[in-house]
Amino acid sequence: MARGKKRIKRCLDKLSAEGRTALVPFFSVGDPGIDETHDAVLAAVDAGADIIELGVPFSDPMADGPVIQASSQRALEAGTSLHGILEMVASLRAKTDVPLVLFGYYNPFFHYGEEAFARDAASAGADGVLCVDLPPEEARGMVAACRSNGVDRIFLLAPTSDDSRIKAVSRCSTGFVYFVSVTGVTGARSSLPTDVPAKVARVRELCDLPVGVGFGISTPEQAHAVADYADLVIVGSALVKTMHEAGAARCAAEAGRFVSDLRRGIDG
Amino acid sequence: MPALPDRHGRFGEYGGRYVSETLVPALEELEQAYASLRKDPAFKAELKGLYRDYANRETPLYFAERLSEHLGGARVYLKREDLCHTGAHKINNTLGQILLARKMGKKRIIAETGAGQHGVATATVAALMDVDAEIYMGSEDIERQKLNVFRMQLLGARVHPVESGSRTLKDAINECMRDWVTNIADTYYLVGSTMGPHPYPLIVRDFQSVIGKEARRQVLKAEGKLPDLLVACVGGGSNAMGLFYPFIKDESVAMTGVEAAGGGLDAGPHAASISRGSPGVLHGKKTYLLQDELGQVREAHSIAPGLDYPGVGPEHSWLHDKGRASYVAVTDSQALEALQLLSRLEGIIPALESAHAVAHALEVVPAMPRDAVVLVNLSGRGDKDMPAVAEYLGVEV
């Protein structure tokens with residue numbers, strides 16, 4: 001692809017130069033419907049989101065807590081598919097330059113076909129992909145397909161990752177690495193483990209890429225605290241819950257309000 | 001054939017380790033612990049003693065004379081895993097893995113269960129070794145298998161009902177994975193079948209291979225030759241893998257895995273992952289799955305809760321692709337008929353799961369020569385299924 005510097009890198013470089021932390025909301029795409037997600041993403045961008053994670057629903061979301069499990073099920077019942085999500089990406093791309101990262105479980109991507117997916121994702125204007133259940137050892141095909149199509153591949157690091165894992169994961173990641181703050185599933189926590197800053201610091205020593213931190217972050221106060229040591233603050237379940245409670249008509253507006261509260265939390 | 005799985009946990013393209021990063025170090029630790037344990041003479045001796053004195057091994061290889069006469073074809077033998085302590089082959093695996101958990105210093109055991117047989121076998125060995133056991137079970141299966149729920153509780157285990165998804169085995173596994181990733185430091189996940197991420201398919205196959213090792217020795221003694229055909233039911237596939245594996249190099253021995261066709265392969269919901277599924281990734285492994293064209297996993301159905309799973313152990317997928325084993329499916333009603341026939345002819349009430357294997361034998365044995373030998377794995381006994389069978393037959397008990 002005749003693109004210059006990739007969108008994710010461009011975005012994170014700019015924020016880094018300004019001394020700011022990226023705010024990354026996660027959307028469970030297709031809950032309640034794909035049009036609502038589309039509008040909510042635009043509202044979030046207006047409210048100060050820097051990068052968007054688009055959750056691809058899967059029937060068996062093993063790494064997710066109850067909020068995203070239920071949301072994924074609603075999204076599937078509403079007929080959400082990876083094809084439909086890529087169409088939404090293309091529509092968003094016509095309206096915004098915000099980096100878009102697809103986040104999901106491997107099987108729907110495997111069925112789409114890794115090469116076909118990477119090609120279609122790139123042409124729709126998606127910037128990266130993260131499969132929760134695809135560690136580097138299993139990701140050769142996906143990495144190759146993404147590389148040849150200019151799509152960033154983002155991998156997870158966990159509290160259980162030792163130095164050799166951190167290095168191995170860093171080697172095959174581009175864009176950023178995603179540090180999972182807790183041993184557990186997605187979902188709001190009242191507090192994060194106290195050793196997260198130290199673990200993120202260790203990741204920084206071994207990895208040149210920006211480091212995102214997610215899982216368990218739900219409030220502006222938590223986001224502010226995490227922004228002290230992370231390059232990206234990722235918020236998922238709390239936003240998904242807020243949108244669900246708001247209902248279809250109000251979910252985009254509520255997503256915007258939620259993101260703007262987080263933005264103030266991070267910058268404040 | 002090469003020794004599989006390879007060092008990446010693969011059986012050809014199947015298997016592997018498709019898990020979130022948090023679990024990777026735990027699986028590496030498990031792999032190392034198992035690699036050293038499996039060579040340890042003290043471990044082997046302890047397991048052998050438990051198999052003999054606690055699990056009631058070796059189990060008989062029983063010549064089913066009346067059934068053979070009735071069918072008028074091959075000579076049919078039953079490998080009597082139903083006589084194992086706790087009533088099914090599941091104890092072979094749980095005894096092995098509880099020793100592994102103890103060696104790894106884990107004091108909390110979690111397990112999934114479908115029919116409840118693996119849950120009972122896990123609760124049993126947890127009681128024996130004085131560790132806490134928590135069992136995840138779909139709420140629909142809890143309803144179907146109340147007796148096994150009570151047994152688990154009596155043995156001191158906590159049973160967690162799973163309300164998500166189809167509320168059966170698949171969802172119980174999801175909940176186990178969620179628990180494990182949350183409590184990874186002190187918890188051992190005791191997987192109940194030849195599935196999950198590497199090294200579980202290897203570990204479970206190794207512990208279940210005692211079935212095939214004994215059967216091979218027993219049939220050679222009884223018949224002076226190897227069997228012509230092995231038959232076993234396949235859900236996740238552990239009793240089948242345990243029977244098949246020691247015969248894999250015996251090329252004259254045909255092997256048939258029997259999946260659950262539920263209400264019929266065409267009519268509708270079933271659990272025949274190999275017969276009607278396609279390759280995909282679920283619960284840590286690549287294997288045949290029941291799924292839609294977008295890669296969303298479908299709900300399985302079988303009257304036998306132990307077969308009610310939309311995937312299959314990865315080694316079975318490989319044996320299928322290689323043509324080393326063949327896979328067929330029998331319906332709920334065929335299994336029920338087989339259960340009744342075996343009960344009346346031999347005085348043995350098989351589990352609904354095992355009745356699937358018997359049902360396939362009923363189909364193929366009559367056309368086989370009289371001197372042919374067929375070995376059917378009777379993986380469990382039918383007591384747990386009596387309420388469901390009675391309901392199906394319209395009998396009030």
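At what angle do helix 2 of chain A and helix 12 (residues 251-267) of chain A pack? They pack at about 30 degrees, with their axes 8 Å apart.

## Model and conventions

This is a predicted model: local features need pLDDT of at least 70, side-chain atom pairs count only at pLDDT 80 or more, and totals for chains, interfaces and linings use all residues. Residues are numbered from 1 along each chain as its sequence is written, chains are lettered from A and ligands numbered from 1 in the order in which they are written, and side-chain values use heavy atoms, with hydrogens and water left out.

Helices (H or I, at least four residues) and strands (E, at least two) are DSSP runs, numbered from the N terminus.

## Two helix pairs in chain A

Two packed helices are described by the angle between their axes and the distance between the axes. Axes are lines fitted to C-alpha atoms, for helices over the stretch in contact, and angles run from 0 to 180 degrees between N-to-C directions. Helix 2 and helix 12 of chain A, at about 30 degrees, are therefore roughly parallel. Angles under 35 degrees count as roughly parallel, over 145 as roughly antiparallel, 65 to 115 as roughly perpendicular and the rest as oblique. The crossing of helix 2 and helix 12 of chain A is right-handed. A crossing is right-handed if the near helix is turned clockwise from the far one by less than a right angle, and left-handed if anticlockwise. Helix 2 of chain A brings E36(A), D39(A), A40(A), A43(A) and A44(A) to meet C251(A), A252(A), A255(A), G256(A) and V259(A) of helix 12 of chain A. By class, this contact has seven nonpolar, one polar and two charged residues. Ala, Val, Leu, Ile, Met, Phe, Trp, Tyr, Cys and Pro count as nonpolar, Asp, Glu, Lys and Arg as charged, and the others, Gly among them, as polar.

Helix 3 (residues 66-77) and helix 11 (residues 237-246) of chain A cross at roughly 55 degrees, and their axes come within 9 Å. Helix 3 of chain A is therefore oblique to helix 11 of chain A. The crossing is left-handed. V67(A), I68(A), S71(A) and R74(A) of helix 3 make the contact with S237(A), V240(A), K241(A) and H244(A) of helix 11. These residues divide into three nonpolar, three polar and two charged.

Helix 6 (residues 114-124) of chain A has E114(A), A116(A), F117(A), A118(A), A121(A), A122(A) and A124(A) buried. Buried means under 20% relative accessible area, exposed over 50%, and partly exposed in between (1.4 Å probe, protein chains only). The buried residues of helix 6 pack against helix 4 (82-93), strand 3 (100-104), helix 5 (106-112), strand 4 (128-131) and helix 7 (140-149) of chain A. G125(A) follows helix 6 of chain A, with a positive phi near 105 degrees.

In soluble globular proteins, nonpolar side chains tend to be buried together. Here the largest nonpolar core has 191 residues; L102(A), F117(A), Y178(A) and F244(B) touch the most other members. A nonpolar core is a set of buried Ala, Val, Leu, Ile, Met, Phe, Trp, Tyr and Cys residues joined through side-chain atoms within 4.5 Å. Leaving aside neighbours within four places in sequence, F117(A) is in contact (heavy atoms within 4.5 Å) with L82(A), L86(A), L102(A), F109(A), Y112(A), V129(A) and M142(A).

S354(B) lies in helix 15 (residues 352-364) of chain B. S354(B) is buried, with a relative accessible area of 0%. Not counting residues up to four places away in sequence, S354(B) touches C233(B), N377(B), L378(B), S379(B) and G380(B).

E293(B) sits in the loop between strand 12 (284-289) and helix 13 (314-322) of chain B. E293(B) is exposed, at 62% relative accessible area. Leaving aside neighbours within four places in sequence, E293(B) is in contact with H111(A) and R298(B).

## Backbone features

Two peptide bonds are cis, with omega near 5 degrees: D31(A) to P32(A) and L4(B) to P5(B). P32(A) is in the loop between strand 1 (22-28) and helix 2 (34-46) of chain A. P5(B) is in the segment before strand 1 (10-11) of chain B.

F215(A) is not a glycine, yet has a positive phi of about 85 degrees. F215(A) lies in the loop between strand 8 (211-214) and helix 10 (220-227) of chain A and counts as buried at 8% relative accessibility. N56(B), also not a glycine, has a positive phi of about 75 degrees. N56(B) is partly exposed, at 45%.
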